[in-house]
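I opened this notebook to record what I looked up in one protein model. The entries are kept brief and follow the order of my reading.

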Amino acid sequence: HWAVSVLADDRFVGYTCLHNIDLEERQAELTFWMGAGIGRVRYAAEAAQAALAFAFTKLQIDRVCAFALTRNLLAERVLSRIGMQQEGPLDQRVHGSDPYENVIIRGISRSDWLESL
């Protein structure tokens, strides 16, 4: 888990995380949360990109995925911006305020990430 803050004033704006790290299969899952305010997509994208760099260079992970609720447009923009490709919808994946919610899964391989640099 990493806290995300604004360098100018050290204001906390969110966090990003790698979890479900499987070193044997060389995979991990990326999550993030950003508070309300200006620059949410930029801060989230910068933090998520840093998490990808850590996963691919330090942990030697080969693939990172992320799940986004279909109604979460911020997450969709961020994941697209950092190069994660849509791998498919998953219906009724998350139990939320409604009985279940649909998600979009996105992923990126280390080789695709390196090509995008």
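The entries below go through strands, surface, cysteines, a helix and salt bridges.

**Entry 1: the model**

I note at the outset that this is a predicted model.

**Entry 2**

I looked up how strand 1 and strand 2 are arranged. Strand 1 covers residues 2-6 and strand 2 covers residues 11-22; the two run antiparallel and are joined by 5 bridges. Within this pair I found Val6 opposite Arg11 of strand 2. The hairpin they make has 4 residues between the strands, and Asp10 there takes a positive phi near 60 degrees.

I then followed strand 2 onward to strand 3, residues 27-34. These two also run antiparallel, with 7 bridges joining them. Here Asp22 stands opposite Gln27, which belongs to strand 3. Strand 2 and strand 3 form a hairpin with 4 residues between them. In that turn, Arg26 has a positive phi of about 60 degrees. I wrote down Arg26 with care, as the name returns in my last entry.

As background, I recorded that in a regular strand the side chains alternate between the two faces of the sheet.

**Entry 2: a patch on the surface**

Which residues form a nonpolar patch on the surface? I found Phe12, Tyr15 and Trp33, with about 330 Å² of accessible area together. I located Phe12 in strand 2.

**Entry 3: the cysteines**

How many disulfides does a search of the whole structure find? The search returned 0. Cys17 takes part in no disulfide, and its nearest cysteine sulfur is that of Cys65, 12 Å away.

The limit I applied for a buried residue is under 20%.

Ile38 counts as exposed because its relative accessible area is 84%, where exposed means over 50%. I also compared Ile38 with Thr70: the two are 32 residues apart in sequence, and their C-alpha atoms are 22 Å apart in space.

Helix 1 consists of 19 residues, 40-58. From its first C-alpha to its last it reaches 26 Å, close to the 27 Å expected at 1.5 Å a residue. I listed some of the buried residues of helix 1, including Val41, Tyr43, Leu52 and Phe56, and the alanines Ala44, Ala45, Ala47, Ala48, Ala51 and Ala55 are also among them. After helix 1 comes Gln60, with a positive phi near 60 degrees.

**Entry 4: salt bridges**

I reminded myself that side chains of opposite charge can pair when their charged atoms come close. The structure holds 5 salt bridges, and I looked up several.

In one of them, Arg110 pairs with Asp62, and the closest N and O atoms are 2.4 Å apart. Arg110 lies in helix 3 (residues 110-116) and Asp62 in the loop between helix 1 and strand 4, so this pair ties together parts that are 48 residues apart in sequence. Arg110 counts as buried at 16% relative accessibility, whereas Asp62 counts as partly exposed at 31%.

Next I examined Arg63 and Glu87, whose side chains meet in a salt bridge at 2.3 Å, N to O. This pair links distant parts of the chain, with Arg63 in strand 4 and Glu87 in strand 5 (residues 85-94), 24 residues apart. Arg63 is partly exposed at 25% relative accessibility, and Glu87 is partly exposed at 43%.

I then turned to Glu76 and Arg106, which form a salt bridge of 3.1 Å, N to O. Glu76 is in helix 2 (residues 73-81) and Arg106 in strand 6 (residues 101-109), distant parts of the chain that lie 30 residues apart. Glu76 is buried, with a relative accessible area of 16%, and Arg106 counts as buried at 10%.

Finally, I recorded that salt bridges with shared partners join Arg26, Asp62 and Arg110 into one network.

Terms used
Residues numbered from 1 in each chain as written. Predicted model: local features only at pLDDT ≥ 70, side-chain atom pairs only at ≥ 80, totals over all residues. Heavy atoms only, no water. Pairing = 2+ DSSP bridges. Patch = residues over 30% accessible without salt bridge, like charges linked within 9 Å, V, L, I, M, F, W, Y side chains within 5 Å. Areas by Shrake-Rupley, 256 points an atom, 1.4 Å probe, with all protein chains shown as cover. Salt bridge = Lys/Arg side-chain N within 4 Å of Asp/Glu carboxyl O. Disulfide = S-S within 2.5 Å. Expected span 1.5 Å × (residues − 1). Buried < 20%, exposed > 50% of the residue type's maximum accessible area, 1.4 Å probe, protein only.
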